[in-house]
Amino acid sequence: MCTPRANFYRKFVVNVESKWTKTQVSVRKTYPNRTLEESITNVSFSEPFRTPTTAQHSFIQKPFFGLPHSDSSQSVSEQKPKNQTRAKQMSIGRKKFNMDPKKGIEFLVEHGLLQHTQEEVAAFLYKGEGLNKTAIGDYLGERNEFNEKVLKAFVDLHDFTNLILVQALRQFLWSFRLPGEAQKIDRMMECFAQRYCQLNPNIFTNTDTCYVLSFAIIMLNTSLHNPSVKDKPSVEQFISMNRGINDGGDLPRELLVSLYESIKTEPFKIPEDDGNDLMHTFFNPDKEGWLWKQGGRYKSWKRRWFILNDNCLYYFEYTTDKEPRGIIPLENIQVREASDRNKPHCFELYATASEFIKACKTDSEGKVVEGKHTVYRMSAATKEEKEEWIKCIRQSISHNPFYDMLASRKKKAREKFASSL
């Protein structure tokens with residue numbers, strides 16, 4: 001019985017042989033007085049035959065269909081393994097990058113496939129062939145001197161000339177996937193604002209205005225199109241949110257209304273990554289291990305494999321599962337010790353800003369549903385394990401840092417305006 005892969009290869013070979021046979025017939029009909037190898041090496045099938053140039057003549061002398069030609073035959077046979085090795089190493093390098101961006105770049109540089117300059121690395125990421133866009137975003141957001149130079153070179157490869165701000169953002173945010181860490185997004189949007197103002201010098205009075213408005217647009221896109229956000233902001237709320245950001249003055253109302261309508265009509269297209277995205281997420285977790293989890297509606301206990309990473313707590317039924325049974329974003333929640341008469345070494349997550357914890361899980365039919373937990377209670381195997389989980393979760397908990405960052409930038413813009421008076 002043939003496997004799916006065997007069937008694929010069989011179809012591929014048959015298809016190639018069929019196309020090759022048709023090519024032979026077509027060439028012989030068009031050039032009946034020429035040999036097949038002469039015809040194929042000299043002609044474009046859409047143009048009449050032309051006398052080959054000197055460079056083309058040397059190419060014609062290369063052997064085809066097993067015809068003897070010792071010198072060129074040896075040259076081709078030596079070149080082919082080199083090309084195959086290079087292509088294989090490049091493929092390995094891309095996979096390594098998708099798993100660990102820093103190690104992937106190091107591998108490509110060590111094997112002579114990439115020069116260790118910000119321009120070369122930026123061009124490699126901008127082209128993005130075979131690269132996971134989440135990994136690209138993580139690499140660009142790293143805070144060290146070389147990565148920051150790569151980020152600037154990467155942004156400089158974008159041409160935002162004569163684009164309205166929303167169009168420029170759509171182009172920029174399609175080239176990689178924004179990381180979840182606020183500081184990384186801050187550096188990326190700073191570079192974007194500088195590049196946009198450089199190419200469009202008469203739109204905004206300074207880069208801070210462009211930065212704040214760009215960030216506000218991204219937040220508006222999330223608020224309008226995220227199903228978990230129940231209270232959608234109105235155009236008046238969006239206008240109010242951006243008062244005083246233009247050197248202490250307001251941006252034109254018609255500009256803000258047009259931006260609002262553009263995002264409301266057409267949300268940003270966020271790059272969708274393949275299966276490597278999950279692998280990247282769970283490859284290097286902050287902490288992982290078995291915990292007992294108490295159910296929400298029914299207070300039964302089930303053993304689950306937990307992974308803590310990217311400000312989220314994921315839980316699986318088995319360690320071999322590719323997708324989690326549930327996801328608990330660590331936003332606006334806290335963790336505390338708990339006692340339970342049925343289980344030792346307990347701790348729990350509880351909401352601080354609302355009645356329910358924002359989370360999702362898969363039901364018995366495999367559908368993703370919103371969780372209705374007021375608390376998530378877990379039990380560890382030992383006291384030491386419990387304390388370690390509490391410590392790691394506290395380090396990962398965030399409270400919407402993007403709003404704090406935006407408020408800080410607005411304050412900076414107003415202070416700069418006040419000092420100039």
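Predicted model: local features only at pLDDT ≥ 70, side-chain atom pairs only at ≥ 80, totals over all residues.
Let's start with the cores. The largest nonpolar core here has 59 residues. Which residues have the most contacts inside it? That would be Leu125, Leu213 and Ile217. And if you want to know which helix gives this core its largest share, go to α11, residues 207-225, which brings in 11 residues.

Leaving out residues up to four places away in sequence, Ile217 touches Leu165, Val166 and Leu169, then Phe238, Leu259, Ile263 and Phe268. Apart from that core there's another one, with 22 residues, including Phe306, Leu308, Ala359 and Ile397. As a general point, nonpolar side chains in soluble globular proteins tend to be buried together.

Now, the sheet. It's an open one made of nine strands, and reading across you get β5-β6-β9-β1-β2-β3-β4-β7-β8, with antiparallel pairing. So what's going on at the edges? There you find β5 (333-338) and β8 (368-370); each has a single partner strand, so one side of each has no neighbour in the sheet. On average, neighbouring strands are turned by 30° against each other, ignoring direction.

Zooming in on one pair: β4, residues 326-329, and β7, residues 360-362, run antiparallel and share two bridges. In there, Ile327 sits opposite Cys360 of β7.

Last stop, what packs on this sheet? Helix α15, residues 383-396, does, touching β1, β2, β3, β5 and β6. The direction of α15 makes about 105° with that of β1 (287-294).

That's me done, thanks!

Note on methods:
Residues numbered from 1 in each chain as written. Heavy atoms only, no water. Core = buried A, V, L, I, M, F, W, Y, C linked by side-chain atoms within 4.5 Å. Buried < 20%, exposed > 50% of the residue type's maximum accessible area, 1.4 Å probe, protein only. Helix = DSSP H or I, 4+ residues; strand = E, 2+ residues; numbered from the N terminus. Contact = heavy atoms within 4.5 Å. Pairing = 2+ DSSP bridges. Axes fitted to C-alpha atoms, helices over the stretch in contact; angles between N-to-C directions.
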